[in-house]
Amino acid sequence: MWKTLDPAIRAALIASESKEAEDDKKEASGGGAEGRRAKASDGPRMDDTASKFIGGDSFTNRTSNPQWIKVRSDVYDAVKDRRQQELDAKVPVDIEVTMPDGKTLSADKVS
């Protein structure tokens, strides 16, 4: 069978078999890039005297009802009212669909 194959195809098959063998060898050894595991001493260090939390002590003073919640609620209510007015102004439109076999389907839009 190998003798009847085109030389280019034969070379491609041989190359793919050797590539599969390399991939199997990598999987058996535990993966691709060996020796690139992060170590405890790698990377930047945080200052030991600094706070242990991101943001430091920015969030230690809590307010029970911050002012921004009321602003956010007012904006939400204004947008909700505007969208409801837009929806109320729209008029339902009847839809009519012609199927490929020529049958026409129509339905009333229910509000």
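Trainee: Is Asp-74 buried, partly exposed or exposed?

Mentor: Asp-74 counts as partly exposed because its relative accessibility is 39%. Buried means under 20% relative accessible area, exposed means over 50%, and partly exposed lies in between, with a 1.4 Å probe and protein chains only.

Trainee: What sort of model is this, and how are residues numbered?

Mentor: This is a predicted model, in which local features need pLDDT of at least 70 and side-chain atom pairs count only at pLDDT 80 or more, while totals for chains, interfaces and linings use all residues. Residues are numbered from 1 along each chain as its sequence is written, and side-chain values use heavy atoms, with hydrogens and water left out.

Trainee: Back to Asp-74, then. Which side chain does Asp-74 meet in a salt bridge?

Mentor: The partner is Lys-70, at 3.3 Å from N to O. A salt bridge here is a side-chain nitrogen of Lys or Arg within 4 Å of a carboxyl oxygen of Asp or Glu. Side chains of opposite charge can pair when their charged atoms come close.

Trainee: Where do Asp-74 and Lys-70 lie?

Mentor: Both are in helix 2, residues 67-89, and they are four residues apart, about one turn of the helix. Helices (H or I, at least four residues) and strands (E, at least two) are DSSP runs, numbered from the N terminus. Lys-70 counts as exposed, because its relative accessibility is 54%.

Trainee: How many salt bridges does a search of the whole structure find?

Mentor: The search finds two. Arg-83 counts as exposed at 52% relative accessibility, whereas Glu-86 is partly exposed at 35%.

Trainee: New topic. Which residues form the nonpolar patch on the surface?

Mentor: Ile-95, Val-97, Met-99 and Leu-105 form the patch, with about 330 Å² of accessible area together. Patches are made of residues with over 30% relative accessible area and no salt bridge; like charges are joined within 9 Å and nonpolar side chains (Val, Leu, Ile, Met, Phe, Trp, Tyr) within 5 Å. Leu-105 sits in strand 2, residues 104-107, and is partly exposed at 39% relative accessibility.

Trainee: And the overall chain: in what order do its elements run?

Mentor: From the N terminus the order is α-α-β-β. Of the 111 residues, 1% are buried. The chain exposes about 11200 Å², with 55% supplied by carbon and sulfur atoms; accessible areas come from the Shrake-Rupley method with a 1.4 Å probe, and for residues only the protein chains shown count as cover.
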